[in-house]
Amino acid sequence: MPLPKDNMFFGLKLTNEQQEYADSIFDNQITFVNAKAGTGKTTIAVACASIMQRELVYIFSPVEEKALGFTPGTVEAKELKYTVPLRDALLKINEDPSRVIESEENIENMKNGNTWVKAMSHVFARGTNIDGNKLVIIDEAQNFTRGELKKVLTRIHNSVKVVVIGHEMQCDLPDPKKSGFLPYLEHFENQDYAKVCNLTVNFRGELANHADQLSW
């Protein structure tokens, strides 16, 4: 993908790493990105979906599958706290999350065809097929077990692009060894339709950078 005018991408000046990541989303069916916090990984993926005019399916993990069932409220209310990165990314590309994300409170925009984003937990992915002109973001993939990532990835059709976003040093699973992120990254990295990218620059500042350097 050529650099946008003046090297700007929705108002963001891309680093070489970020440009390589955006190029991969355009050029490959699946992109894995092992990225520090604050590197723009979700924003760039959401922006690419917008530029390519693909429907966006944003899939997250509530860390423990039973957690959503015991949380009071509707499914959407249960999921809201897990979609903050998505909503922040949409705002950064000048999209109104309340208008473009499918929801029970957004029926009118859904009827008018103004929604292009669907957010869902992997908990509700069983039995689904993901097909058509879509881009799937699997966010915070380090919090998916091998089985959970398999459940999502085996539902992907050839027409769909996938971005698997994670950071090997920020796993919230009770046992980080059960994470499927690095095993699946390594499983796909030599496929000709896949690419692994790394983003190393945390733009949040000195404190966030220093906190990110503490290993397990």
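**Figure 1. Overview of the protein chain.** Ten helices and eight strands make up the secondary structure of the protein chain, which is shown here as a predicted model. Of the 216 residues in the chain, 45% are buried.

**Figure 2. Close-up of helix α1, residues 16-27.** This helix has twelve residues, and the distance from its first C-alpha to its last is 16 Å, close to the 16 Å expected at 1.5 Å a residue. Its buried residues are Q18, Q19, Y21, A22, S24 and I25.

**Figure 3. Surroundings of the buried residues of α1.** The strands against which these residues pack include β2 (12-13), β3 (30-35) and β6 (134-138), and β7 (161-166) and β8 (194-199) are also among their packing partners. Helix α2 (41-51) is likewise packed against by the buried residues of α1.

**Figure 4. Close-up of the packing of α1 and α2.** The axes of the two helices are 10 Å apart and meet at an angle of about 40°; because angles under 35 degrees count as roughly parallel and those from 65 to 115 as roughly perpendicular, α1 is oblique to α2. The crossing of α1 and α2 is right-handed. On the α1 side the contact is made by Q18, Y21, A22, I25 and F26, and on the α2 side by K41, I44, A45, C48 and I51. Sorted by class, the residues of this contact are eight nonpolar, one polar and one charged.

Key: Residues numbered from 1 in each chain as written. Predicted model: local features only at pLDDT ≥ 70, side-chain atom pairs only at ≥ 80, totals over all residues. Heavy atoms only, no water. Helix = DSSP H or I, 4+ residues; strand = E, 2+ residues; numbered from the N terminus. Expected span 1.5 Å × (residues − 1). Buried < 20%, exposed > 50% of the residue type's maximum accessible area, 1.4 Å probe, protein only. Contact = heavy atoms within 4.5 Å. Axes fitted to C-alpha atoms, helices over the stretch in contact; angles between N-to-C directions. Parallel < 35°, antiparallel > 145°, perpendicular 65-115°, else oblique. Left-handed = near helix turned anticlockwise from the far one by under 90°. Nonpolar A, V, L, I, M, F, W, Y, C, P; charged D, E, K, R; others polar.
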